[in-house]
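Let's take a walk through this protein together. Keep the sequence and the 3D view open while you read.

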Amino acid sequence: MDSLTVCKALADDTRLCVLLLLLERGELCVCDLMDVLILSQPKVSRHLAMLRNADLVYSERRGQWMYYRLDPNLPAWVTSMLQAATQGYVARMQELTINSDNGGQPCCQTAC
């Protein structure tokens with residue numbers, strides 16, 4: 001993983017928000033990210049694909065749902081950058097809350 005690839009991935013507000021959400025919450029599915037970011041599934045998936053291609057996130061399919069978390073093999077300098085970014089992004093992260101229409105449960109955990 002090179003620093004240019006990481007910086008390019010972090011240069012987009014949506015991708016940075018995704019990484020910071022994953023840093024804060026550990027693991028989220030695409031539907032959770034759609035709710036939080038108020039974006040369509042194709043847009044969220046496109047950003048996640050870029051993060052996956054940059055080796056920043058790990059994905060796992062569980063049934064019909066895709067779950068994402070930070071790649072456990074991230075170099076320490078990347079994790080440090082993300083932790084530092086949370087300091088400057090506090091207000092933005094507070095704006096991003098998971099929709100509570102389903103009792104606080106992620107949408108893929110509730111019966112549709």
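## Starting at L20

L20 sits in helix α2; helices here are DSSP runs of H or I with at least four residues, strands are E runs of at least two, and both are numbered from the N terminus. With 1% relative accessibility, L20 counts as buried, a label that means under 20% relative accessible area, while exposed means over 50% and partly exposed is in between (1.4 Å probe, protein chains only). Now look for Y89: it is 69 residues from L20 in sequence, yet the two are 8.8 Å apart in space, C-alpha to C-alpha.

A word on where all this comes from: the model is predicted, so local features need pLDDT of at least 70 and side-chain atom pairs count only at pLDDT 80 or more, while totals for chains, interfaces and linings use all residues. Residues are numbered from 1 along each chain as its sequence is written, and side-chain values use heavy atoms, with hydrogens and water left out.

## The whole protein

Zoom out and you can find 6 helices and 3 strands. Following the sequence, they come in the pattern α-α-β-α-α-β-β-α-α.

Of the 112 residues in the protein, 36% are buried. Contact means heavy atoms within 4.5 Å. Among the contacts with a separation of 6 or more, 62% are between residues 24 or more positions apart.

Which residues of helix α1 are buried? In this helix (residues 3–10), they are V6, A9 and L10. Looking down the axis of α1, you'd see these buried residues fall within an arc of 95 degrees, so they line one face of the helix. That arc is taken over the directions from the helix axis to the C-beta atoms.

The face of α1 turned away from the buried side carries the exposed residues L4 and K8. As for what covers the buried residues of α1, the list includes α2, α4 and α5.

Two packed helices are described by the angle between their axes and the distance between the axes. Axes are lines fitted to C-alpha atoms, for helices over the stretch in contact, and angles run from 0 to 180 degrees between N-to-C directions. Take helix α2 (residues 13–25) and helix α5 (residues 76–88): their axes come within 10 Å and cross at roughly 100 degrees. That makes α2 roughly perpendicular to α5, a name for angles of 65 to 115 degrees (under 35 is roughly parallel, over 145 roughly antiparallel, the rest oblique). L16, L19, L20 and L23 of α2 make the contact with L82, Q83, A85 and T86 of α5.

Now try helix α3 (residues 30–37) and helix α4 (residues 41–53), whose axes come within 9 Å and cross at roughly 110 degrees. That makes α3 roughly perpendicular to α4. Here V30, L33 and M34 in α3 meet Q41, V44, S45 and L48 in α4.

H47 lies in helix α4. Is H47 buried or exposed? At 9% relative accessibility, H47 counts as buried. Leaving aside neighbours within four places in sequence, H47 is in contact with D12, T14 and R15.

Hop over to T14, and you're in helix α2. T14 is buried too, with a relative accessible area of 17%. Again leaving aside neighbours within four places in sequence, T14 is in contact with L37, L39 and H47.
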